[in-house]
Amino acid sequence: MNCFPHLMALIIGCIVLWIIKRKYKKIRNRELIIIFILYVLLIGLFTDRGIDLARQFINYIQLD
């Protein structure tokens, strides 16, 4: 399993959030943490395991 692109996306996301924090002083750390958590969930959703988990969940809730 190649996780290099996902790690690079996380690193770039951290750098972007750090730049935003330096540019806009009124942004709270709590807001940046929430943004980072949502970003990690988004990246995790588009991995192979995340897509398989979403498929299993959809199959579980479907009614026949």
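This note goes through the predicted model point by point, from overall fold to single contacts.

1. **Fold.** The chain holds three helices and zero strands. Read from the N terminus, its elements run α-α-α. The radius of gyration is 16 Å, well over the 11 Å that the globule rule gives for 64 residues, so the chain is more spread out than a compact globule.

2. **Extent.** Along the principal axes, the C-alpha atoms fill a box of roughly 55 × 30 × 10 Å.

3. **Surface and burial.** Of the 64 residues, 11% count as buried. The accessible surface of the chain comes to about 6,000 Å². Carbon and sulfur atoms account for 69% of that surface.

4. **Charge layout.** The chain carries 9 positive and 4 negative charges.

5. **Salt bridge.** Side chains of opposite charge can pair when their charged atoms come close. Which residues form the salt bridge here? Asp52 pairs with Arg55, with the closest N and O atoms 3.7 Å apart. That value falls inside the cut-off, because a salt bridge requires the side-chain nitrogen to be within 4 Å of the carboxyl oxygen. The count for the model is one salt bridge.

6. **Setting of the pair.** Where do Asp52 and Arg55 sit relative to each other? Both belong to helix α3, residues 48–61. They are three residues apart, so about one helical turn separates them. Asp52 is partly exposed, with a relative accessible area of 38%. Arg55 is exposed, at 53%.

7. **Thr47 in the loop.** Thr47 is found in the loop between α2 (29–45) and α3. Is Thr47 buried or exposed? Thr47 counts as buried, with 13% relative accessibility, because the limit for buried is under 20%. The side chain of Thr47 also reaches the backbone oxygen of Gly44 at 2.8 Å.

8. **Ile35 in α2.** Ile35 lies in helix α2. Its relative accessible area is 43%, making Ile35 partly exposed. How far apart are Ile35 and Leu45 in sequence and in space? The two are 10 residues apart in sequence. From C-alpha to C-alpha, the distance between Ile35 and Leu45 is 15 Å.

Methods
Residues are numbered from 1 along each chain as its sequence is written. This is a predicted model: local features need pLDDT of at least 70, side-chain atom pairs count only at pLDDT 80 or more; totals for chains, interfaces and linings use all residues. Side-chain values use heavy atoms; hydrogens and water are left out. Helices (H or I, at least four residues) and strands (E, at least two) are DSSP runs, numbered from the N terminus. Buried means under 20% relative accessible area, exposed over 50%, partly exposed in between (1.4 Å probe, protein chains only). The radius of gyration is taken over C-alpha atoms; the globule rule is 2.2 Å times the number of residues to the power 0.38. Accessible areas come from the Shrake-Rupley method with a 1.4 Å probe; for residues, only the protein chains shown count as cover. Lys and Arg count as positive and Asp and Glu as negative; His and the chain ends are not counted. The place of a charge is taken as NZ of Lys, CZ of Arg, CG of Asp or CD of Glu. A polar contact is a pair of N or O atoms within 3.5 Å; within protein, one must be able to donate a hydrogen and the other to accept it, and residues adjacent in sequence count only if both atoms are side-chain atoms.
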